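Work through the exercises below with the sequence and the coordinates open. Try each task before reading its solution.

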Amino acid sequence: MTATPAALQALLQRYSLGGKDLAEPGPSSEELQLIAASALRAPDHGELMPFRLVVVKEAARSRLADLFEDYARRTGKSEESVAIERSRALQVPITLAVVARIDLSHPIVPAHEQWVSVGGAIANVLNALHLLGYAGKMLSGGKVRDQQIVNAFCQPGETLVGWIVAGTPLRALRVKREKPVAAVLSNF
């Protein structure tokens with residue numbers, strides 16, 4: 001077996017890390033530009049760019065917290081759960097809303113290929129964060145289907161996929177369990 005290149009070795013050490021384990025600083029504006037550029041390197045048949053990223057940082061975190069708190073109240077959560085929902089928006093330096101723009105009637109590129117591009121972009125964002133020394137995690141859940149939250153991020157015809165939280169890791173990244181390569185790799 002050949003030696004593993006340093007870049008691949010670094011990629012093999014990427015693990016998700018949630019908001020309670022992320023702190024300031026988050027990626028700078030220049031780093032966010034690099035992260036978005038990496039998202040644009042995802043496979044993209046027809047160069048449709050079927051996604052966009054919405055940055056939530058600084059004062060905008062309070063607006064997101066208000067949306068999360070309102071959602072929790074409208075869905076009947078306890079006061080403790082309402083506080084947890086609010087803190088999810090405030091505790092991380094950067095949140096990137098992932099918005100998909102899928103053209104269901106595209107004459108050449110079917111919807112499933114566009115979704116693959118969105119997934120590739122998400123993976124590239126998480127990998128770029130890691131390679132820049134940050135950590136992150138993709139989050140979704142019921143909030144991505146809440147119409148008030150969707151309206152805050154999406155234009156007509158768009159889908160709120162979820163949020164990528166990002167910041168400086170407060171603890172070492174570690175694997176929860178080793179995943180078997182043989183489960184996903186086979187010969188034709």
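Predicted model: local features only at pLDDT ≥ 70, side-chain atom pairs only at ≥ 80, totals over all residues.

**Exercise 1. Describe the largest pocket: its volume, its lining and the composition of that lining.**

Step 1: volume. The largest pocket holds about 860 Å³ of space. A pocket is found on a 1 Å grid over the protein atoms alone, as an open set of points where a 1.4 Å probe fits, with protein on both sides within 12 Å along at least five of seven lines. Points are joined across faces, edges and corners, and the volume is the space filled by probe spheres set on them.

Step 2: lining. Lining residues have an atom within 4 Å of a point. There are 31 of them, and R14, Y15, S16, L17 and K176 are the closest to the pocket centre. Helix 3 (60-74), helix 4 (79-90), strand 4 (135-139) and strand 5 (159-169) each give two or more residues to the lining. Helices (H or I, at least four residues) and strands (E, at least two) are DSSP runs, numbered from the N terminus.

Step 3: composition. The lining splits into 12 nonpolar, seven polar and 12 charged residues. Ala, Val, Leu, Ile, Met, Phe, Trp, Tyr, Cys and Pro count as nonpolar, Asp, Glu, Lys and Arg as charged, and the others, Gly among them, as polar.

Residues are numbered from 1 along each chain as its sequence is written, and side-chain values use heavy atoms, without hydrogens and water.

**Exercise 2. Characterise the packing of helix 2 against helix 5.**

Step 1: geometry. Helix 2 (residues 29-39) and helix 5 (residues 111-131) pack at about 145°, with axes 8 Å apart. Axes are lines fitted to C-alpha atoms over the stretch in contact, and angles run from 0 to 180 degrees between N-to-C directions.

Step 2: contact. Helix 2 contributes I35, S38 and A39; helix 5 contributes A121, N124, V125, A128 and L129. Contact means heavy atoms within 4.5 Å. Six of these residues are nonpolar, two are polar and none is charged.

**Exercise 3. Locate the cis peptide bond and the positive phi.**

Step 1. The bond from E24 to P25 is cis, with omega near -5°. P25 sits in the loop between strand 1 (22-23) and helix 2.

Step 2. E47 is not a glycine, yet its phi is positive, about 50°. E47 lies in the loop between helix 2 and strand 2 (51-57).
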